[in-house]
Amino acid sequence: LRVAQVFGVPESHLTPQVRTAFNVMIGEIDSLRLDVDQLKLSLAEAEASADHDPLAPVYNRRAFMREVSRVVALVKRHELEASLIYFDLNNFKQINDSFGHAAGDAVLRSIGEVLIRQTRETDLVGRIGGDEFAVVLTHLAPEAAKVKAEALAAAICTERVLHDGNAHNVSAAIGIARVRASDTAEGVLARADEAMYADKALHRRAQA
């Protein structure tokens, strides 16, 4: 009898009323356990949803910066090699203005997918806001990170996004910052942002 197994009560000592009461209580405990398991699953799903960008399949800014802080800690403790690459999409505003926000959303989603496909599970990909993305490459020396950053920019440039019968292409200005042991998440992002603006200015001068 399950009651005897759970409570160690000899079955011969149980009256029918007590046996019934115990079985009802055990049923309620089982039901509560299922409710708790379902709650844990729902909380895990909610947490995952809260970490991800609503448009692209990548981290949102809050979650990305949290993960960058963890990378900084690993750089401090274990001398991990890591670099942060900042991407700013060119011509994105024109797509939004000419074809609507649905087309712009399709572009953001597609670029997020490109960055996920082109990076490893150990790397981080996030949308920082608007048309700006960032990637943290780990276990790569600075020169190798630079090569990978350029390859990611090329992959963005060659991505053809189809939406509502129209094809859209964007390119990206990039900025790279090596993660230092003395960094904060905001600090390394700011350095990569500065490098990205320098890259934009360089391309403007080249096209002038």
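Contact, as used in these exercises, means heavy atoms within 4.5 Å, and helices (H or I, at least four residues) and strands (E, at least two) are DSSP runs numbered from the N terminus. The model is predicted, so that local features need pLDDT of at least 70 and side-chain atom pairs count only at pLDDT 80 or more, while totals for chains, interfaces and linings use all residues. Residues are numbered from 1 along each chain as its sequence is written, and side-chain values use heavy atoms, with hydrogens and water left out.

**Exercise 1. Determine which residues of α4 meet which residues of α5, and describe the packing of the two helices.**

Step 1. On the α4 side the residues are Phe 92, Ile 95, Asn 96 and Phe 99, and they meet His 101, Ala 103, Gly 104, Val 107 and Leu 108 in α5.

Step 2. This contact divides into six nonpolar residues, three polar and no charged, where Ala, Val, Leu, Ile, Met, Phe, Trp, Tyr, Cys and Pro count as nonpolar, Asp, Glu, Lys and Arg as charged, and the others, Gly among them, as polar.

Step 3. The axes of α4 (residues 92-99) and α5 lie 6 Å apart, at an angle of about 145°; axes are lines fitted to C-alpha atoms, for helices over the stretch in contact, and angles run from 0 to 180 degrees between N-to-C directions.

**Exercise 2. Work out the strand order of the open sheet, and explain which strands stand at its edges.**

Step 1. The four strands follow the order β2-β3-β1-β6 with antiparallel pairing, two strands being paired if DSSP finds at least two bridges between them.

Step 2. Because β2 (124-129) and β6 (171-178) each have a single partner strand, they stand at the edges, and one side of each is left without a neighbour in the sheet.

Step 3. From one strand to the next, the twist averages 25°.

Step 4. Five bridges join β2 and β3 in the antiparallel sense, and Arg 127 has Phe 133 in β3 as its bridge partner.
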